[in-house]
Amino acid sequence: MPISCTRNFFERFCVEEYNIDNIKQSSFLSADLLPSLGARINQSTKLRKHIISPFNSKYRAWEMWLVLLVIYSAWICPFEFAFITYKKDAIFIVDNIVNGFFAIDIVLTFFVAYLDSQSYLLVDNPKKIAIRYLSTWFAFDVCSTAPFQPLSLLFNYNGSELGFRILSMLRLWRLRRVSSLFARLEKDIRFNYFWIRCTKLISVTLFAVHCAGCFNYLIADRYPEPRKTWIGAVYPDFKEASLWNRYVTALYWSITTLTTTGYGDLHPENPREMLFDIFFMMFNLGLTAYLIGNMTNLVVHWTSRTRSFRDTVRAASEFASRNQLPHDIQDQMLSHICLKFKTEGLKQQETLNNLPKGIRSSIANYLFLPIVQNIYLFQGVSRDFLFQLVSDIDAEYFPPKEDIILQNEAPTDLYILVSGAVDFESYVDGHVQVQGKAVIGDTFGEIGVLCYTPQPFTVRTTELSQILRISRTSLMSAMHAHAEDGRVIMNNLFMKLRGQQSIGIDAINNDQENRDFQRMGWEEWMDSRIHCKGSDVSNSTSKNGEKALLDAIHKGDVEMVKKLLERGINVEEPKVLTEAKGGNSNSETKQRSNDSDQCCSSSIQAKVKDKRVTIHMLSQEKDLSQRHNGKLILLPTSIEELLGLAGEKFGGCSFTNITNAENAEIDDLDVIRDGDHLFFHQIEFVGRNGN
């Protein structure tokens with residue numbers, strides 16, 4: 001059991017995957033790599049032959065093993081430097097074996113891809129990898145791995161042993177691996193940030209205490225008069241004491257000096273020790289300030305973003321626990337927060353928002369146009385349409401197991417899958433069933449957006465996915481601006497729906513809508529679809545435009561009548577209506593048509609009479625700022641009646657023409673809207689008594 005627990009603990013360091021409900025999925029709680037926008041460069045994670053990914057689980061395990069060896073080196077280097085003379089013993093053999101592992105790592109580094117800090121892409125070019133390594137850490141790694149201990153045995157002159165001991169201290173360069181490990185663990189939400197930070201601070205303190213004790217003992221050991229040293233004054237024959245006693249005494253002096261306790265039993269006895277103690281106490285001032293500051297605030301200034309991220313994670317976890325949210329929703333919340341933390345670090349959206357619209361459009365055209373033009377929905381549309389569309393596209397990242405669209409959700413956006421994979425799910429009898437899958441280049445959400453119907457299924461990601469989002473407003477604006485392209489898009493959609501029986505929409509209705517669309521055209525069909533959703537005349541367009549007009553007349557839908565009349569629909573009785581009525585006589589049909597026309601006319605007139613306007617008297621010599629107080633009236637049916645009514649309201653005045661608030665002359669009542677202000681121009685004044 002303890003072995004199993006230890007193995008699981010180390011897997012959390014090395015493996016970038018975790019299991020939820022026994023389903024293996026990628027973890028985005030600690031992964032570092034994200035696909036580029038549009039996935040134009042790193043669409044595939046496959047690297048060149050013999051090149052290793054730095055995120056490979058086996059390579060991470062190798063790095064973890066090297067960290068353990070670094071911890072050993074950090075302890076043994078100062079200890080050997082002060083207490084042990086070089087000889088062919090067990091420690092000598094172990095040290096050279098450890099050096100061998102780091103020598104292997106030097107060679108291995110030439111075959112490990114690296115993450116470019118500017119493009120955030122994996123570079124797997126062997127030449128670039130070699131140049132980067134040779135120009136950075138190669139020389140330091142070689143010096144920290146060189147076998148200086150065996151070389152010291154080849155020289156016998158005085159002072160050579162101490163010189164090689166100093167060179168062996170270069171092995172402390174390996175501590176940079178530990179620093180990188182702590183930096184990664186601080187951002188890994190699988191580990192408690194407080195304890196990771198405390199572990200780092202305690203490790204720094206213990207290492208400082210260990211090194212100071214070893215160095216101070218080396219000064220006493222090398223001093224010509226052993227009794228005039230800090231340890232010789234208390235233990236005259238300290239060189240004869242056991243190694244353990246000498247080491248513990250050195251640590252005791254170091255910790256009492258570091259904490260500024262200073263009992264006085266161990267103190268410097270010669271100038272060398274005094275000088276070392278001065279520098280050590282000055283170092284302690286900085287180290288103490290560092291420790292106190294970190295233990296008080298837990299993070300320093302450069303970790304403020306990580307602190308904010310951890311606070312967000314904690315708040316989300318508390319929210320989920322307090323509201324007893326299901327486990328899968330909690331995972332979605334945490335994955336989304338972690339992914340947002342990584343994408344914010346790239347500052348991609350912030351960079352785009354700070355650019356002018358023209359540059360943003362050029363960038364969007366370069367990144368997204370090759371993707372959009374290969375979508376089935378946009379096959380055959382003009383390039384102008386695509387250019388207008390891609391300018392309003394937003395790229396978003398979604399972690400695994402996150403819902404993008406919910407079943408029966410109101411249509412809002414159209415999505416294009418650039419990288420990753422998603423499942424189409426539906427709820428049947430209380431159970432979730434996978435209806436299909438989408439791969440790179442597929443779209444979803446188009447049925448709800450273009451057909452104005454609720455989403456027929458839930459769309460959920462199965463892995464890290466980059467998705468392009470097109471808002472319904474942007475899509476409809478582009479389709480209305482390019483009517484012919486809108487027709488092509490709808491034809492493409494209907495062609496696809498013909499072959500899908502389980503998509504969530506009745507196939508018969510689709511065929512009928514296709515016939516309506518081809519007969520009426522894109523704009524007429526869409527207008528009728530939008531209006532039918534609000535006025536409950538969806539069956540009106542099931543035959544043809546003429547029957548839709550007659551149905552709207554019978555139902556008193558004046559707005560629908562006006563819209564169809566503007567489209568040029570004829571009000572004569574169509575043949576299909578005669579057939580539907582069972583072959584009634586033409587006279588009956590005409591009578592019914594006339595009745596319908598009269599009904600339509602009376603409805604429209606009633607609508608006109610309901611218009612309320614405010615009238616003002618204005619002489620030709622006066623401007624609008626000198627108008628009289630207005631009078632609110634109901635708009636009559638003719639210009640003459642309106643002029644007569646105005647004359648009565650303003651004490652028998654006679655008017656020649658009417659203008660609106662913009663000083664435009666009005667000669668037709670149809671252009672007057674409800675609530676308009678009308679100004680009547682006077683030619684002569686007639687007294688109240690008619691004289």
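This is a predicted model: local features need pLDDT of at least 70, side-chain atom pairs count only at pLDDT 80 or more; totals for chains, interfaces and linings use all residues.

An unreviewed UniProt entry marks 194–219 as a transmembrane region, along with 64–84, 96–115 and 278–300.

Jump to another of those UniProt stretches, 64–84. Here the chain is 95% helix and 0% strand, with 28 Å between the end C-alpha atoms.

Now select helix H2, residues 57–83. Its 27 residues reach 39 Å from first C-alpha to last, close to the 39 Å expected at 1.5 Å a residue. Zoom in on the start of H2: a side-chain oxygen of Asn 56 comes to within 2.8 Å of the backbone nitrogen of Lys 58. Then slide along to Ile 76, where H2 has a kink of about 25°, shortly before the proline Pro 78.

Last stop: the second largest pocket, with about 940 Å³ of space. Select Val 178, Phe 182, Ser 203, Val 204 and Phe 207, the closest to its centre of the 35 residues that line the pocket. Which helices supply at least two residues each of this lining? Colour H1 (2–14), H2, H8 (176–186), H9 (193–222) and H11 (271–297) to see them. H9 gives the largest share, 13 residues. Finally, colour the lining of this pocket by residue type: 29 are nonpolar, five polar and one charged.

Methods
Residues are numbered from 1 along each chain as its sequence is written. Side-chain values use heavy atoms; hydrogens and water are left out. Helices (H or I, at least four residues) and strands (E, at least two) are DSSP runs, numbered from the N terminus. The expected span of a helix is 1.5 Å times one less than its number of residues. The bend at a residue is the angle between axes fitted to the seven residues ending there and the seven starting there. A polar contact is a pair of N or O atoms within 3.5 Å; within protein, one must be able to donate a hydrogen and the other to accept it, and residues adjacent in sequence count only if both atoms are side-chain atoms. UniProt positions are given in the numbering used here, feature names are shortened, and annotations may be inferred rather than shown by experiment. On a 1 Å grid over the protein atoms alone, a cavity is a set of points where a 1.4 Å probe fits but cannot get out, and a pocket is an open set with protein on both sides within 12 Å along at least five of seven lines; lining residues have an atom within 4 Å of a point. Grid points are joined across faces, edges and corners, and a volume is the space filled by probe spheres set on the points. Ala, Val, Leu, Ile, Met, Phe, Trp, Tyr, Cys and Pro count as nonpolar, Asp, Glu, Lys and Arg as charged, and the others, Gly among them, as polar.
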